[in-house]
Amino acid sequence: MNMIVCCKQVLDPEAPPASFKIDPASNTVLQPPGVPPVVSPFDEQAVEAALRIKDSQGGKITVLTLGNNLLRDVVKKPLSMGADELVLLEDEVFEGGDSWSTAYALAMAIKKIGEFDLIFCGRQAADWDAGQVGSGIAEILGIPSITVAKKVEAIDGKVRVERVIADGYQVVEVTLPALITVTNELGEARYATLKGIMAAAKKQPTIWKPVDIGVEPSQIGAAGRRSKLLKLFQPVREGKCEIIEADTPAEAGANLAVKLRDAKLI
Amino acid sequence: MAEFKGVMVYGETTEGKLTALTTELLGCGRRLADELKEDLLCILVGEQLGEAPQSAIVYGADKVYTVEDPLLKEYQTDSYVTVMEKAIKDISPQILLLGQTAIGRDLAPRLAFRLGVSPSMDCLELNIDPDTKLLQGTRPVYGGNARAIFVSESLPQMATVRQKAMSPLEPDESRKGEIAPIKVELDPAKIKTKVIETVKEEVEGIKLEDAEAVVAGGRGIGGPEGFKELEELAKILKGAVGASRPPCDNSWVPDTLQIGLTGKIVTPELYIAVAISGSSQHLSGCSGSKNIIAINKDAEANIFKEARFGVVGDWKQALPAFTAKVKELLAG
Ligand SMILES: Cc1cc2nc3c(=O)[nH]c(=O)nc-3n(C[C@H](O)[C@H](O)[C@H](O)COP(=O)(O)OP(=O)(O)OC[C@H]3O[C@@H](n4cnc5c(N)ncnc54)[C@H](O)[C@@H]3O)c2cc1C
């Protein structure tokens, strides 16, 4: 089974909310000091989904990451988890894209990789949270897509997927090749092993520029956008919390009930 | 060049009824259509639509397109995108709104890429720019830490809308509108997916999304036993139990209880967050609550920034006393 997993390097989404700052003038997010970027968590789980298939029936996993000035320690993490190869689409013209330009570049890179049965993406990147790139790649490649999967099994040349819906899940079968996007209900991604980290350190990523995947600079990055960001801002929270004072937490708990009663909330 | 006209809502139904979110979309769509002085269109797709088309008129639509076919019994990307591609090309609305649901978040991007347009996903606000007349969508980004306003010039302009972000109109039975069935030829051979079964994991009692009181537990609850205490409180308040993501990831509670960016959106009168730190992703699902109450041992926890009342302390001590007192007050 030939598998490709698309992984994005993002600002750590679990960084303390207070550390989150934007630059309103340029409509960009400032990298919080001391908090290194990470592989978007859903993408890590997409790697995990591919590794589970590799564990059960073998296969090859190629990881594809798009960006510029990518941190090797970050983007190599999937290799240290057990993925086989890493391809970086790395160039300044890939920067500033939207779902369109990103999906287009990734799809063209996947065409260049050529052989694939399954493509995995995270359900949404932890920065822009749009959740469009997976479906976009599938549409450009003309293959079926199943989104928000919590379980993926390969059976008899097909893939059986549990797709999360509001009050449960749907079991869906799809022919190959196909694209699957993965959600956290899949379960935690495995840790990198020491052996994996050593192996990853030795592996050199393949780096592709726009010409290598046959795309024009006008189709990718900021130039290839079909949506325009007018404004980025932080919502103001003017909440004032009244802390219930008491000698013990138990007393505070009881006082809280009285407070809620007085405020007619219960 | 086709002329793009009208605001269209992609509606969803369950058991022949419009979903609540669909009525919210119609409410929002009506406002946008009025601003643009255009019609509000609705499209409903399924095996059998029952009374839903008429209901869409009652909730504000001028014209309702229906597509009924046994092959559309269940949502499948291939069949629904085919139907919508055809409908959009024939009707060519200027704006297409969908709900940010299991269907909308799958259908919107795939359809958009087929049509060559760019949707704004999960919008909280939609407005028409008075000068350009273009749709501006405001959506949460970076896990809810920031908001972004997007615009796209490619037509139709598409957006998905978050639950409970918009208000429905008062239903008006006297409203007049047109229902127009459309036929789309579907080739079963082109549907590459097959739904084997649909598994419902609904919990008993009041639905989390509908509850007026939600008692939510976080990682600090420590295990499934602790959630029994939350259930007791929820019962007394005639509410429902929810959770942040870690209790779901750890299987202390079913995944369907997750509240947040990638879970349920709740807006109860009372939201009691117990041992939840208040990450932006969690707050995305509960910050619309009227009153947030927090119990957390860490006085610096972010949840206190959103809360109206708070107790700083160990929930294992605070909660039983709180529950007992609530019970006493409600009995008396
Ligand atoms: C892309 C993405 C999407 C996500 N989507 C969601 C989502 O939809 N919903 C969601 O909830 N999360 C989501 N998360 C995860 C989110 O970032 C946080 O990790 C999560 O919300 C933290 O849950 P928590 O507050 O329960 O745990 P923690 O942050 O670990 O907080 C636990 C809290 O419990 C308190 N505590 C511990 N013990 C006690 C005690 N005995 N008494 C009182 N207080 C105690 C601690 O002080 C602490 O504040 C998402 C993350 C990513 C990256």
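Gly332(B) is exposed, with a relative accessible area of 88%; exposed means over 50% relative accessible area, buried under 20%, and partly exposed in between, computed with a 1.4 Å probe and protein chains only. This residue, Gly332(B), belongs to the segment after α9 (315–331) of chain B. The model is a predicted one, in which local features need pLDDT of at least 70, side-chain atom pairs count only at pLDDT 80 or more, and totals for chains, interfaces and linings use all residues; side-chain values use heavy atoms, with hydrogens and water left out. Residues are numbered from 1 along each chain as its sequence is written, while chains are lettered from A and ligands numbered from 1 in the order in which they are written.

**Chain A overall**

- Chain A has seven helices and 15 strands; helices (H or I, at least four residues) and strands (E, at least two) are DSSP runs numbered from the N terminus.
- The C-alpha atoms of chain A fill a box of roughly 65 × 45 × 35 Å along the principal axes.
- Chain A has 266 residues, of which 53% count as buried.
- Contacts (heavy atoms within 4.5 Å) in chain A between residues at least 6 apart in sequence join residues at least 24 apart in 73% of cases.

**The ligand site**

- The ligand lies between chains A and B.
- The ligand is surrounded by 29 residues, where a residue is near a molecule or strand if one of its heavy atoms lies within 4 Å of it.
- The closest residues to the ligand are Glu14(A), Arg219(B), Ser244(B), Ser277(B) and Asn296(B).
- One ligand oxygen atom is 2.6 Å from an N or O atom in the side chain of Glu14(A), and an oxygen atom of the ligand is 2.6 Å from such an atom in the side chain of Ser277(B).
- A ligand nitrogen atom is 2.9 Å from an N or O atom in the side chain of Asp314(B).
- On its own the ligand has 980 Å² of accessible area, and the protein covers 89% of that.
- At least two residues of the shell come from each of α1 (41–57) of chain A and α6 (245–249) and α7 (280–286) of chain B.
- The shell comprises ten nonpolar, 13 polar and six charged residues; Ala, Val, Leu, Ile, Met, Phe, Trp, Tyr, Cys and Pro count as nonpolar, Asp, Glu, Lys and Arg as charged, and the others, Gly among them, as polar.

**Helix α4 of chain A**

- The 15 residues of α4(A) (residues 99–113) should span 21 Å at 1.5 Å a residue, and the end C-alpha atoms are 21 Å apart, which agrees; the expected span is 1.5 Å times one less than the number of residues.
- Twelve of the 15 residues of α4(A) are buried, including Trp100(A), Tyr104(A), Leu106(A) and Met108(A).
- Asp98(A) caps the N-terminal end of α4(A), with a side-chain oxygen 3.0 Å from the backbone nitrogen of Trp100(A).
- Gly114(A), which follows α4(A), has a positive phi near 90°.

**Helix α7 of chain A**

- Helix α7(A) (residues 249–262) has 14 residues and reaches 20 Å from its first C-alpha to its last, close to the expected 20 Å.
- Ala252(A), Gly253(A), Ala254(A), Leu256(A), Ala257(A) and Leu260(A) are the buried residues of α7(A).
- These buried residues of α7(A) pack against β16 (270–274), β17 (291–296), β18 (309–312) and α9 of chain B.
- Lys264(A) comes after α7(A) and has a positive phi near 60°.

**Two buried loop residues**

- Thr183(A), in the loop between β12 (178–182) and α6 (194–202) of chain A, counts as buried because its relative accessibility is 0%.
- The side chain of Thr183(A) makes a polar contact of 3.1 Å with the side chain of Arg123(A); a polar contact is a pair of N or O atoms within 3.5 Å, and within protein one must be able to donate a hydrogen and the other to accept it, with residues adjacent in sequence counting only if both atoms are side-chain atoms.
- Ser227(A), in the loop between β13 (206–208) and β14 (228–233) of chain A, is buried, with a relative accessible area of 11%.
- Apart from residues up to four places away in sequence, Ser227(A) touches Asp98(A), Ser118(B), Phe150(B), Val151(B) and Ser152(B).

Key. Areas by Shrake-Rupley, 256 points an atom, 1.4 Å probe, with all protein chains shown as cover.
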